[in-house]
Amino acid sequence: ALQADLFSELQEAFRYPTSPYWREHDYARRTEYFSFVEPLSARREPSFPESVVTMAIHRILALACDRLPHLIGDPGSVGAAEWWVHWKPSSAGTPLHFDSAVDPTNSQEDGIRTPLLSSVLYLSDSDVGGPTFITDQPLSDGDSFSGSSDCSKDGGFGVGRLVFPHPNRLLLFRGDLMHGVVPPPGVQPQSTWTTPGRITFM
C-alpha cells in the first residue's frame, strides 16, 4: 500500500519494543489507550519536513479517495485523521466493536460519532497474528451503544470478511461497521511484551 521507503520508515518508527513510542506510552502496563488527531485541512509549509506519520496518512487518504470515492466524497472536506498504533500478542483477538467517539454536541445516536472510513495497515515483519473481521452491521442498526455488539441476539450481521495480516497490507472499510480481530488458529509462537507481535497502524 505504501511506497517501500515510506513503509520501511514507518516500521522503524514503531519497531517493537525498541521504538520510543512504546516506552513513552508505557505500553506494557497500559490498560487504556488513546489516539492522536492529524489535521488534514492544510499541510505544512515546504520548509518544514513532514513526519513519516503525516506522509503515511496522506498516502492512505489518497488510496481511499481512489478506491472508495463514494465514502470520502470531496477529499478537501475531510478535516482530520485519528490514528494510533497497537501491539498485541500473536495469539490474541479483539472483541467486536465500533470505531467511535462521544460528541457532546451531537444529540443523535446518544452523541456517538463514527469516522467516514476506518483503516488498518499491518506493520509486522511477517504474517503475525489473527485476521481482522469486518461485518456488514452498522452502528445505526443497534438498539443502543455499549462499545461492542452481541451477535447472538436476533438480527446480528449478515456478511463478514476476514483480512489476514501481511506486511504493508492496507484494509479500508466504512467507519461505522462492526469489526474485531479473530485469534489465529493453531498453536502460535509465544509473544511477550519483549517480543514481536501483531502491530497495526490504524
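Residues are numbered from 1 along each chain as its sequence is written, and side-chain values use heavy atoms, with hydrogens and water left out. In this predicted model, local features need pLDDT of at least 70 and side-chain atom pairs count only at pLDDT 80 or more, while totals for chains, interfaces and linings use all residues.

On a 1 Å grid over the protein atoms alone, a cavity is a set of points where a 1.4 Å probe fits but cannot get out, and a pocket is an open set with protein on both sides within 12 Å along at least five of seven lines; lining residues have an atom within 4 Å of a point. Grid points are joined across faces, edges and corners, and a volume is the space filled by probe spheres set on the points.

One cavity of 30 Å³ or more was found. The largest cavity holds about 30 Å³, and its lining consists of Tyr21, His25, Tyr27, Arg30, Tyr33, Phe34 and Trp84.

The largest pocket holds about 1400 Å³. Its lining has 41 residues, of which Glu82, Asp99, Pro115, Leu117 and Ser118 are the closest to the centre.

Buried residues (under 20% relative accessible area, 1.4 Å probe, protein chains only) in H3 include Val52, Ile57 and Leu61.

Terms used. Buried means under 20% relative accessible area, exposed over 50%, partly exposed in between (1.4 Å probe, protein chains only). Helices (H or I, at least four residues) and strands (E, at least two) are DSSP runs, numbered from the N terminus.
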